[in-house]
Amino acid sequence: DFWPADQVFVSSPTKNYTASMLGELLVDMNLPLPHFEYEQQKSFLSSLKTPNVTQTFCLYGYNVPTEIGYDFAQGISSVPDDVRQPTHVTDTDRGDGTVPLSSLKECLEWKDAGHG
């Protein structure tokens, strides 16, 4: 896991959610299918190892404000699904505008593992 354990991604009036609480967030949002899919893939994704490649080149842009935290001031389950939107962005990173820098830099772990 490359996100800090205390990094809050979603805030609501009743609870703050970190990356390790994704399953709980999906349940609280009353999203059974995404929750089921998440639970099915969670152990597989956590067991992935760095690829055994001879060279690794990490190419990405950064220093563009990239959203990583959201506030749902009206709650996450009290509104219809089609209007469930964050009230505002609570945190940003220096990513590429879509992907946070923390995620973009993950390929550097491959090089550090001696595969690149």
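This is a predicted model: local features need pLDDT of at least 70, side-chain atom pairs count only at pLDDT 80 or more; totals for chains, interfaces and linings use all residues.
User: How many residues lie between E1 and E2 in the hairpin they form?
Analyst: Four residues separate E1 and E2 in this hairpin. Residues are numbered from 1 along each chain as its sequence is written, and side-chain values use heavy atoms, with hydrogens and water left out.

User: What makes E1 and E2 paired strands?
Analyst: Three antiparallel bridges join E1 (residues 8-11) to E2, and pairing requires at least two DSSP bridges, so E1 and E2 pair. Strands here are DSSP runs (E, at least two residues), numbered from the N terminus. Ser 11 stands opposite Asn 16 in E2.

User: In which sense do E1 and E3 pair?
Analyst: E1 and E3 pair in the parallel sense, over two bridges; Val 10 stands opposite Tyr 70 in E3. E3 (residues 64-71) and E4 run antiparallel, joined by seven bridges, with Val 64 partnered by Gly 95 in E4.

User: Why do E2 and E4 stand at the edges?
Analyst: The open sheet has the order E2-E1-E3-E4, with mixed pairing. E2 (16-18) and E4 (88-95) each have a single partner strand, so one side of each is left without a neighbour in the sheet.

User: Which residues is Ile 76 in contact with, leaving aside its neighbours within four places in sequence?
Analyst: Counting heavy atoms within 4.5 Å as contact, Ile 76 touches Val 10, Ser 12, Tyr 17, Leu 25, Asp 28, Met 29 and Arg 84.

User: Where is confidence lowest and highest in the chain?
Analyst: Helix H4 (residues 107-115) is lowest, at a mean of 71, and E2 is highest, at 95.

Definitions and conventions
pLDDT is the predictor's confidence in each residue, from 0 to 100.
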